[in-house]
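Subject: Structure handover

Hello,

Here is the structure for you to look through. Please open it first, then read my notes below.

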Amino acid sequence: MGKRKDYPWLLIRLPSGRFISYPGFQFDSASRTFSYLEKQGSGFARVQTHGGKLAENITQAAAYDVLAEAMPRIEAAGFEIVFSVHDKYITEAPLNKNSKELAALMAQPPRWAPDLPLAAAGWEAHSYRKD
């Protein structure tokens, strides 16, 4: 069995049920800042952060969970996901598929947020380009 590190962790449960974890989490009430341990090279270093950064991490992680839940649905419909960039999937698909069908699959709310309003748009091309 591996070694256990005994230090406080901040665990944030996302709406999907997944957790974001911050090892060695500390709050400095004098400066109203937070710090945690982050992997750097072969060890860990203490990193300063603030509430806004934590809120951004939570928002981005929840957005990823929405995108990730759509992946099996998209592939089952015949779109081969080649890669993703931030908030989009780049797919290869048969000629009988189109970007409107893909957008409709991406706009379906995840099971853990059935009332989440979502929209998606897309475009078709023979090679990737930034829109």
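A definition to start: pLDDT is the predictor's confidence in each residue, on a scale from 0 to 100. You need it here, as this is a predicted model.

Confidence
The protein's average pLDDT is 87. A score of at least 70 is reached by 94% of the residues. Among the elements, helix α1 (residues 51–76) has the highest mean pLDDT, 94. The lowest mean belongs to β3, at 85. Where pLDDT is low, the predicted coordinates should not be read in detail.

The hairpin
Start with strands β1 (residues 9–13) and β2 (residues 19–23). They pair in the antiparallel sense, over five bridges. Find R13: its bridge partner is F19, in β2. Five residues lie between the two strands of this hairpin. In the hairpin, G17 takes a positive phi near 100°.

The sheet
Next, look at the open sheet. Three strands form it, in the order β3-β4-β5, and the pairing is antiparallel. Which strands stand at the edges? They are β3 (26–28) and β5 (43–49). Each has a single partner strand, so one side of each is left without a neighbour in the sheet. On average, neighbouring strands of this sheet are turned by 35° against each other, direction ignored.

Now take β4 (residues 33–40) and β5. Seven bridges join these antiparallel strands. Here K39 stands opposite F44 in β5. As you trace the strands, keep a general rule in mind: in a regular strand the side chains alternate between the two faces of the sheet.

Best wishes

Terms used: Residues numbered from 1 in each chain as written. Predicted model: local features only at pLDDT ≥ 70, side-chain atom pairs only at ≥ 80, totals over all residues. Heavy atoms only, no water. Pairing = 2+ DSSP bridges. Helix = DSSP H or I, 4+ residues; strand = E, 2+ residues; numbered from the N terminus. Axes fitted to C-alpha atoms, helices over the stretch in contact; angles between N-to-C directions.
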